[in-house]
Structures are given as structure tokens and as C-alpha cells.
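User: I would like to go through this chain in short questions and answers. Please start with the sheet and then move to single residues.

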Amino acid sequence: MELKIAGLVNDSIVDGPGIRFSVFVQGCPHHCYGCHNPQTWDFDGGQLMSVDEIFERIKKNPLLDGVTFSGGEPFCQCAGLIELADRIAALKTPKLNIMCYTGYEIEYLIKNSNEQNKYIELLKRLDYLVDGEFDINKKSYELKFMGSSNQRFIDVKASLAQKKIVLAKDPWQDPLL
Ligand code: SF4
């Protein structure tokens, strides 16, 4: 399977806790005012890359704590990211957590998931989700890894299990991270 990619970063320290491999997908329908990555909006831009190739690059970096899906809008490319997430989860060492950014709110993704868009299938494979569009009126530099205060850093597995939004308590000091 292939993903439409805007860029890959091998050792990011700004896209989540620890050292992360960041996958920036191409294409975003949200068009938030003040977006830092407007070059990722165009669904016709970017380049196609196989999940195999991306996974091989991830495997080559022994220093990683996790992988982040960002963009662009990752939930527009669920099928490819599900395949990539399954490969990452099957890795014995290093054990990598998976974090994802989305312009959608998690409630929307759960309510509107279907066979075709596979929102829920991607959610099930995530550890952490930063949700919601970037709102320039709520922009804050105080927020670690989030752009505006309407966004939430969600513990996805706990939220799905408890059927309510569970925020990651202190993800920056979470020993799992
Ligand atoms: S969802 Fe993210 S990538 Fe898309 S327009 Fe908003 S800030 Fe930019």
C-alpha cells in the first residue's frame, strides 16, 4: 500500500514526547487560518511512498521513542496508516508508541466512522491523539506539542475503553513514553 507523503522527519523532538519519527501526510481539508503547513493542503501534491519504505526507515533508527502521524490530515489516509501502525506495533524492539494529529475532533471521528473511511480502525491503533483544528485565536506557546488551547492531548486507548474522553494526565512524564 502507498501513502501520499508531504515529508518525513527522522528524529523530531517537537511532534510529541521523546525522539520521534514523524510522517507528514499530504492533503488536508481543514484549511485552518494560520496553519504552519499550508503546503500540505493540496491533495494533488506531495509524493507517493510505499508503507514498506517508510517502515524500513523507521526500523533503521534505534533511538526512537515513537512515531507521529501528522500532516496534512492523517484521517484522510487511514488505510495506509493502519498498515504502517500494524507494522510498528509488531516490532519487538524498540517498542514504539504511536501518536497522531488530526483537525477533526475525536467525537466526530467515532460518530462518522464507516467501512470506507476506517476512522475507528486507525483510532484503535493509536496511543495518543491531538485533536481539533488549529484556532489562531486560541494560539498559545505554553502548550507543549499543541498549537491552540481548543486542542486536546487524548489517551486514545483509555478513551475507547471507557467510552469517554480521557486526557493523557501528564504525557511529558509518562514512563510509557
Ligand atoms: S488540520 Fe493541521 S494541517 Fe490541516 S489546516 Fe489545520 S493546522 Fe493545517
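User: In what order do the strands of the open sheet stand?
Analyst: This is a predicted model, where local features need pLDDT of at least 70, side-chain atom pairs count only at pLDDT 80 or more, and totals for chains, interfaces and linings use all residues. Residues are numbered from 1 along each chain as its sequence is written, and side-chain values use heavy atoms, with hydrogens and water left out. Strands here are DSSP runs of E with at least two residues, helices are runs of H or I with at least four, and both are numbered from the N terminus. Seven strands with mixed pairing make up the open sheet, and their order is β3-β1-β2-β4-β5-β6-β7.

User: Which strands stand at the edges, each with a single partner strand?
Analyst: Two strands pair if DSSP finds at least two bridges between them. An edge strand has a single partner, so one of its sides is left without a neighbour in the sheet. Those strands are β3 (47-50) and β7 (152-155).

User: By how many degrees are neighbouring strands of this sheet turned against each other on average?
Analyst: Axes are lines fitted to C-alpha atoms, for helices over the stretch in contact, and angles between N-to-C directions run from 0 to 180 degrees. For neighbouring strands the direction is ignored. The average turn is 30 degrees.

User: Which residue of β7 is the bridge partner of L129?
Analyst: Strand β6 covers residues 128-131 and runs antiparallel to β7. Four bridges join the two. In β7, L129 has as its bridge partner I154.

User: Which strands does helix α1 touch, and what angle does its direction make with that of β3?
Analyst: Contact means heavy atoms within 4.5 Å. Helix α1 (residues 51-59) packs on the sheet and touches β1 (2-12), β2 (20-25), β3 and β4 (66-70). Its direction and that of β3 make an angle of about 70 degrees.

User: At what angle does helix α2 run to β4?
Analyst: Helix α2 spans residues 78-90. It lies across β1, β2, β4 and β5 (97-101). Its angle to β4 is about 175 degrees.

User: What pattern does the chain follow along the sequence?
Analyst: The chain has five helices and seven strands. Read along the sequence, they give β-β-β-α-β-α-β-α-α-β-β-α.

User: What is the radius of gyration of the chain?
Analyst: The radius is taken over C-alpha atoms, and the globule rule is 2.2 Å times the number of residues to the power 0.38. For 177 residues, a compact globule would come near 16 Å. The chain agrees with that, at 15 Å.

User: How many disulfides are there?
Analyst: A disulfide is a pair of cysteine sulfur atoms within 2.5 Å. For C76, the closest cysteine sulfur is in C28, 6.8 Å away, so too far for a bond. The count is zero.

User: Is K118 buried, partly exposed or exposed?
Analyst: Buried means under 20% relative accessible area, exposed over 50%, and partly exposed in between (1.4 Å probe, protein chains only). K118 sits in the loop between α3 (106-112) and α4 (119-124), with a positive phi of about 55 degrees although not a glycine. Its relative accessibility is 31%, so K118 counts as partly exposed.

User: Is F145 buried or exposed?
Analyst: F145 is in the loop between β6 and β7. Its phi is positive, near 70 degrees, in a residue other than glycine. Relative accessibility is 16%, so F145 counts as buried.

User: Which peptide bond is cis, with omega near 5 degrees?
Analyst: Look in the loop between β4 and α2, where G72 has its place. The cis bond runs from G71 to G72.
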